[in-house]
Amino acid sequence: DLGDQRPADGTHDRLGLRRHDLEITVARPCGRLDPRAAPGRIEAMVPAPGSDAPVMVWFRQDLRLDDNPALAAAVASGRPIIPLFVLHEAADGRAWGAASLWWLEKSLRALDGDLRARGSRLILRRGDPAAIVPALAQALGAQVMWNRLYGQAAVMRDSELKRELAAASFHASLLVEPWQVK
C-alpha cells in the first residue's frame with residue numbers, strides 16, 4: 001500500500017526501501033566510466049582506483065543514465081561517482097499522491113537496476129535535501145552535480161547549496177534557460 005507510511009514489519013518504507021538504505025552513512029564511491037564503452041554513452045562502470053575526490057550526482061527529476069548532463073559531466077571528470085536520490089516529501093508543500101509514488105518507485109528501481117548493471121548502486125535518502133546533500137558531500141569530500149529545476153523553492157535551495165559546496169548544475173529539461181529568453 002503506497003499510502004502507508006509504516007509497513008507492518010517495520011523494515012521497509014512505502015517505496016519498498018529497506019530502513020538501513022535510508023540512514024545517512026558514508027557511501028563508497030562506485031566507479032568510473034569504462035573507457036571501452038561507446039563514446040558519449042554510459043555503458044559500463046569499473047571500480048575507481050586511487051583516492052580521487054568523488055563526484056556525487058544528485059538525481060532529481062531526471063531518473064535516467066542516458067541524456068543526463070550532470071552524469072555526463074561527472075563521468076567526463078574521470079573521478080569516482082556516487083549516485084544519490086533524496087526523497088523530499090514536502091518539496092512544494094504537498095504530499096506525494098499514490099500515482100506519483102507508484103511512478104517514483106518504478107523509476108527508482110529501474111535507475112538502480114541500470115546502475116547495478118554497471119557496477120554501481122543508487123544511494124537513497126529521505127528528508128530535506130538542503131541538509132542531506134551537504135552532509136553527505138562534506139562527509140565524502142565530494143563535489144556535487146545535478147540537473148537544474150526551475151521552481152522558485154528549488155532555485156533558492158540550489159543557489160544556497162552552490163554557496164556552501166563545490167557544486168555544479170546543468171541545463172537538462174528545457175530547450176532554453178529561462179534567463180536566455182528575451
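## Helix α5

Helix α5 spans residues 152-164, and its 13 residues reach 19 Å from the first C-alpha to the last, close to the 18 Å expected at 1.5 Å a residue (the expected span being 1.5 Å times one less than the number of residues). Helices (H or I, at least four residues) and strands (E, at least two) are DSSP runs, numbered from the N terminus.

This is a predicted model, in which local features need pLDDT of at least 70 and side-chain atom pairs count only at pLDDT 80 or more, while totals for chains, interfaces and linings use all residues. Residues are numbered from 1 along each chain as its sequence is written, and side-chain values use heavy atoms, with hydrogens and water left out.

A154, R157, D158 and L161 of α5 are buried, where buried means under 20% relative accessible area, exposed over 50%, and partly exposed in between (1.4 Å probe, protein chains only). Seen down the axis of α5, these buried residues fall within an arc of 100 degrees, so they line one face of the helix; the arc is that of the directions from the helix axis to the C-beta atoms.

The buried residues pack against β3 (55-59), α4 (129-140) and β6 (143-147), whereas the face turned away from the buried side carries the exposed residues Q152, M156 and R163.

## The chain as a whole

The chain has five helices and seven strands, and 42% of its 182 residues count as buried. Among contacts (heavy atoms within 4.5 Å) between residues at least 6 apart in sequence, 67% join residues at least 24 apart.
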